[in-house]
Amino acid sequence: MANYYSDHPELEFHLHHPLMKRIVELKERGYEDKDKFEDAPVDYEDAIENYKRILDITGDVAANVIEPNSESVDLEGPHLENGRMIYASKTVENMEATRKAGLWGISMPRRYGGLNLPNTTFSMLSEVIAAADAGFQNIWSLQSCIDTLYEFGSEEQREKYIPRICAGETMSMDLTEPDAGSDLQRVMLKATYSEKDGCWLLNGVKRFITNGDSDIHLVLARSEEGTHDGRGLSMFIYDKRQGGVDVRHIEHKLGIHGSPTCELTYKNAKAELCGSTRMGLIKYVMALMNGARLGIAAQSVGVEQEAYNEALAYAKERAQFGQKIIEFPAVYDMLSRMKAKLDAGRSLLYQTARYVDIYKALEDIARDRKLTPEERAELKKYTRLADAFTPLAKGMNSEYANQNAYDAISVHGGSGFIMEYKSQRLFRDARIFSIYEGTTQLQVVAAIRYITNGTCLSIIKEMLENAVAPELQALKDRVVPMVAKLEEAIDKVKAADNQTVLDFLARRLYEMTADIIMSLLILDDATRAPELFTKSANVYVRHAEAEVEGHCGFIRNFRPEDIEFYVAQQQASTEA
């Protein structure tokens with residue numbers, strides 16, 4: 001029987017990374033739960049075996065329930081009845097299956113009914129579910145919104161809401177509005193405190209809200225009258241049981257049909273303040289978005305894997321000119337690049353997740369006691385690493401998912417354009433990944449300061465110190481000139497001392513940086529598991545080499561006045 005976890009040994013490999021011991025140690029706090037909860041691990045090995053069991057259960061549900069339902073969900077989709085969103089019938093089956101399997105409350109402490117799993121394991125579960133149906137992964141993975149409530153809500157709110165999520169209730173984050181997409185400072189949904197009702201009342205419209213008719217919403221709203229920027233925004237908790245919010249419209253989308261994208265109207269909806277006023281965008285949404293971006297990176301890797309699986313299976317079966325098409329150089333070149341991007345992108349995802357795990361666990365410990373000087377230094381180190389890596393993981397994997405889905409259709413040829421084949425759905429689903437939770441352009445904006453201020457270069461140079469297997473040394477030697485080219489490109493851009501030039505060339509610096517980091521990560525993976533990653537390391541380093549050379553050449557020959565050509569072309573197109 002198929003299993004979306006055990007069928008891919010690369011996942012278990014990442015579960016045994018050397019950093020996992022520290023992650024489990026911090027997450028379990030010396031295994032203090034072992035005497036209070038029957039399912040709590042007693043040591044590191046027990047914790048890892050527990051993660052494997054949960055992943056195996058998820059892999060079974062994904063392969064044998066969610067994936068078989070995916071086509072029906074894509075065709076039916078959610079619909080609107082009397083101001084309420086109704087899931088596709090097979091989505092309801094998926095929800096019930098994951099609830100019965102105990103796959104809710106993933107990251108929450110056991111005292112609230114959660115599983116207390118680290119982000120690394122949660123990301124693996126997200127990848128597995130996304131491979132089966134990316135639209136359902138959206139609904140399921142939004143349970144991670146509870147992390148923000150756990151971090152910033154009161155203990156009373158934690159006890160009130162977290163057990164409901166652990167029991168399988170759904171969540172959404174209601175951020176965007178008709179006039180506030182990427183620019184969330186423009187949010188105008190109004191929050192007014194009512195002395196009569198003893199709560200806040202929300203009024204306005206939210207648009208493009210994923211899973212918008214969920215049970216519990218985190219809502220960004222303007223609490224400070226007369227303000228027009230982020231300093232007037234606060235975060236609120238809205239409980240669907242209170243009423244006051246209707247679904248006005250469900251969007252008809254290109255892909256992820258099972259995931260309802262709603263327009264909501266708030267009419268005196270009763271809500272609770274989460275945390276402090278005026279911190280909604282500045283602090284809480286940033287935490288919410290970083291978690292969501294890691295989730296989209298995992299979703300992207302899941303679709304990268306499924307697109308590769310579909311392309312490989314078709315290439316093995318399809319014959320043309322008297323031979324299987326997998327034997328054609330053009331086809332096996334495409335497949336090898338798909339697999340290399342998948343393996344390198346997955347490595348970046350889980351390295352990022354591990355960094356997030358360490359700093360989040362230390363922040364959680366700091367709520368209960370003062371951190372030691374060593375722990376404070378560790379917190380600072382891994383916060384910096386997570387901040388630098390998260391936009392790389394989200395941006396690059398969302399682009400790779402699009403590329404792999406595109407290539408899967410190419411391998412299928414004309415059949416890939418036919419609706420009966422899965423590759424067309426993967427292509428439609430993947431397109432949103434590089435748009436929502438921050439476009440790739442916004443990931444570049446988030447990452448570029450770490451690239452230009454030397455943070456990423458110092459990380460890369462530290463990674464270069466890691467030894468690789470002797471048979472991989474020649475490949476590693478090819479990475480060294482790439483680093484020199486990146487330094488050259490960064491110096492050239494900084495020397496221009498021109499913000500427009502930096503903005504124009506930032507995407508190229510971003511991709512060069514990510515290419516090098518993923519090359520070093522895949523070399524490390526191939527050193528530890530040559531049977532899994534040596535082929536991908538050979539392909540990916542060569543791919544990165546070509547990209548870095550191209551971007552460096554463009555920047556090397558670039559002059560600030562060259563921007564005028566692009567501006568002139570855009571103006572000519574506008575006038576036409």
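**Briefing on the predicted model**

K341 is found in helix α10, which covers residues 329-366; helices (H or I, at least four residues) and strands (E, at least two) are DSSP runs, numbered from the N terminus. The model is a predicted one, in which local features need pLDDT of at least 70 and side-chain atom pairs count only at pLDDT 80 or more, while totals for chains, interfaces and linings use all residues. Residues are numbered from 1 along each chain as its sequence is written, and side-chain values use heavy atoms, with hydrogens and water left out.

**A buried lysine**

- K341 is buried yet has no salt bridge, and the nearest side chain of opposite charge, that of D407, is 4.9 Å away.
- Buried means under 20% relative accessible area, exposed means over 50%, and partly exposed lies in between (1.4 Å probe, protein chains only).
- A salt bridge is a side-chain nitrogen of Lys or Arg within 4 Å of a carboxyl oxygen of Asp or Glu.
- For charge, Lys and Arg count as positive and Asp and Glu as negative, while His and the chain ends are not counted.
- With neighbours within four places in sequence left aside, K341 is in contact (heavy atoms within 4.5 Å) with E304, Y400, Q403, N404, Y540 and H543.

**Salt bridges**

- Side chains of opposite charge can pair when their charged atoms come close.
- The whole structure holds 46 salt bridges.
- One of them joins the side chains of K52 and E49, at 3.3 Å from N to O.
- Both K52 and E49 lie in helix α3 (residues 44-76), three residues apart, about one turn of the helix.
- K52 counts as buried at 17% relative accessibility, whereas E49 is partly exposed at 37%.
- Another salt bridge links E127 and R346, at 2.5 Å from N to O.
- Because E127 lies in helix α5 (residues 119-132) and R346 in helix α10, this pair ties together parts that are 219 residues apart in sequence.
- E127 is buried, with a relative accessible area of 3%, and R346 is buried as well, at 1%.
- The side chains of E545 and R478 also meet in a salt bridge, at 2.8 Å from N to O.
- E545 belongs to helix α17 (residues 530-556) and R478 to helix α15 (residues 473-496), so the pair ties together parts that are 67 residues apart in sequence.
- E545 is partly exposed, at 26% relative accessible area, and R478 is partly exposed, at 29%.

**Nonpolar cores**

- In soluble globular proteins, nonpolar side chains tend to be buried together.
- A nonpolar core is a set of buried Ala, Val, Leu, Ile, Met, Phe, Trp, Tyr and Cys residues joined through side-chain atoms within 4.5 Å.
- The largest nonpolar core has 159 residues, and those with the most contacts inside it are W140, L202, Y266, L335, V411, V479 and I516.
- Helix α10 gives the largest share of this core, 18 residues.
- With neighbours within four places in sequence left aside, V411 is in contact with A311, Y314, A315, I325, V331, M334 and L335.

**Backbone angles**

- Most residues other than glycine have a negative phi.
- F208, which is not a glycine, has a positive phi of about 60 degrees.
- F208 is placed in strand β5 (residues 199-210) and is partly exposed, with a relative accessible area of 47%.
- I256 also has a positive phi, near 35 degrees.
- I256 sits in the loop between β8 (245-250) and β9 (261-274) and counts as buried at 5% relative accessibility.

**A residue of helix α5**

- S123 is found in helix α5 and counts as buried at 5% relative accessibility.
- With neighbours within four places in sequence left aside, S123 is in contact with L294, A298, L349, Y350 and A353.
- S123 and L385 are 262 residues apart in sequence and 17 Å apart in space, C-alpha to C-alpha.
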